[in-house]
Amino acid sequence: MKAKKVMSMGLAAGMMMSVFSVNALADGEVPTIDQITVGEDYQDVTASIKILTNRTDIVDTVYKGYAEQFMELYPNITVEYEGITDYEESLTLRLTTGDWGDLCFIPTGVNRNELSTYFISLGDYDTLDPVYNFVQDKTYDGQVYGIANGGTASGVVYNKRIWEEAGITELPATPDEFLEDLQTIKDNTDAIPLYTNFSAGWPMGAWDAYIGVAATGDADFMNNTIIHTKDPFAKRDDMTGPYAVYYTMYEAVARGLVEEDPASSDWESSKNKMNSGEIATMVLGSWAVQQCKDAGDTPDDVGYMPFPITVDGKRYAGAGGNYSFGINNQAETDNQIAAMVYLKWLIEESSIYTDEGSIPALKSGELPDALADFEGVELLADNPALPGEETLFNEVNNEAEVGINNDDYPDCEILEGALYGSATLDELMDNWNQKWSDAQETLGVEIYE
């Protein structure tokens, strides 16, 4: 079964969106996103809105182009983008001041129960969930505060030409097969087998995205199972689960299958090196595929494979949202309305998902061509937390200071342990398990044996 068909069954059961008349809204009331008909409503609103983004590489080109297209449709609304380096750190600080513009990507460090502190509701969950992918990520108490800028599948970016030149004819299905293939690439080509992008920090934290569905086949793992599991980072006999993910990273570094000096790696130039074949492999979400294709003269050489873990004979990939758009709850009302209209246009009518090669926000949209190698792989989105436990994962994760999906440093420690021989993976994972258990006990979390 093609990936596109699998996704349509798992995530894309689209429904027609009910459209409410804007005339039913009181003057000065901000509509929810489902209440807007783009091109017809709010033509009389005059506002200048600022949008913050981490895409400093295309903020003055592609994103500026989106703004110009929208302003032709809404000449009374001015749209300006601001690109920010060190996005997470900068936005976390700026959110506390309220002085961050009108629309931004919600930082990952904002907990669900904090969403209403900074952002307005885009609509209720029951209305928006049938229409948009991944809205559960930014939902709290039945209200949706963010809609993802598309989504990604969890896999591995690779240069198809280099893998073929190394003599590899079948994509790996287990961590050890993957490591053997990296060694084959090192032996038979001049390419860097696996590029970690260690110095950027966030590419190390990106490995956390694989410990859920891709490593377990369990859509409940990240928001439910791991919270109530004793020693979730322990090694499993079948080499699945979180340990298998971090083993893949640790062993690649320990065996010298990565860049010679990870501390001097460079994210921007790595995209061109992937395109040209100087790099054979990078573990990043599918969002990175198009960026690597656009970074050089051989885009067709850039491919995307499933993460190398097999669960009971079957392959899985997590499908999750990218950064989610949120609207400033301290902005002027006209700016909030303008931001809502622009967001609706951007995620439904612009070419952003084709341009970035990502899973579209609309469930009715087509999957990107980048997932061609995912035939037979089941794509699953994380199930939401159980009622009453919406913030429990964040509480345990923060208390344990393991940093899953919100702190790159613990993953950096894994690389450093492998690079310098300062700690074995078992020692590191034992430490994580102890921290996790201590957090569960502190918070009174029930353990399901």
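Select Asn-149 to begin: this residue is placed in the loop between β7 (147–148) and β8 (151–153). Strands here are DSSP runs of E with at least two residues, helices are runs of H or I with at least four, and both are numbered from the N terminus. The model is predicted, so local features need pLDDT of at least 70 and side-chain atom pairs count only at pLDDT 80 or more, whereas totals for chains, interfaces and linings use all residues. Residues are numbered from 1 along each chain as its sequence is written, and side-chain values use heavy atoms, with hydrogens and water left out.

Is Asn-149 buried or exposed? Its relative accessible area is 4%, and Asn-149 therefore counts as buried. The term buried means under 20% relative accessible area, exposed means over 50%, and partly exposed lies in between (1.4 Å probe, protein chains only). Now display the contacts of Asn-149, where contact means heavy atoms within 4.5 Å. Leaving aside residues up to four places away in sequence, Asn-149 touches a set that includes Tyr-63, Phe-105, Asn-322, Tyr-323 and Glu-356.

Next, select Asp-187, which is found in helix α7 (residues 175–188). Asp-187 has a relative accessible area of 54% and is exposed.

Move to Tyr-247 in helix α11 (residues 241–254). Tyr-247 counts as buried, at 13% relative accessibility. Which residues does Tyr-247 touch, not counting residues up to four places away in sequence? They are Pro-175, Asp-176, Leu-179, Met-239, Arg-255 and Leu-425. The C-alpha atoms of Tyr-247 and Leu-425 are separated by 7.0 Å, although these residues are 178 apart along the chain.

Two packed helices are described by the angle between their axes and the distance between the axes. Select helix α17 (residues 409–420) and helix α18 (residues 425–443): their axes come within 10 Å and cross at roughly 160°. That makes α17 roughly antiparallel to α18. Axes are lines fitted to C-alpha atoms, for helices over the stretch in contact, and angles run from 0 to 180 degrees between N-to-C directions. Angles under 35 degrees count as roughly parallel, over 145 as roughly antiparallel, 65 to 115 as roughly perpendicular, and the rest as oblique. Show the side chains as well: Pro-410, Asp-411, Glu-413 and Ile-414 in α17 meet Leu-425, Leu-428, Met-429 and Trp-432 in α18. The residues of this contact comprise six nonpolar, no polar and two charged.

The axes of α16 and α18 come within 8 Å and cross at roughly 125°. The two helices are therefore oblique to each other. From α16 the contact involves Phe-393, Glu-395, Val-396, Asn-397, Glu-399 and Ala-400, and from α18 Lys-435, Trp-436, Ala-439, Gln-440, Thr-442 and Leu-443.

Finally, show the whole chain. How many helices and strands are there in the chain? There are 18 helices and 14 strands. The C-alpha atoms fill a box of roughly 65 × 55 × 40 Å along the principal axes. Of the 449 residues, 55% count as buried. Among contacts with a separation of 6 or more, 77% are between residues 24 or more positions apart.

Terms used
Nonpolar A, V, L, I, M, F, W, Y, C, P; charged D, E, K, R; others polar.
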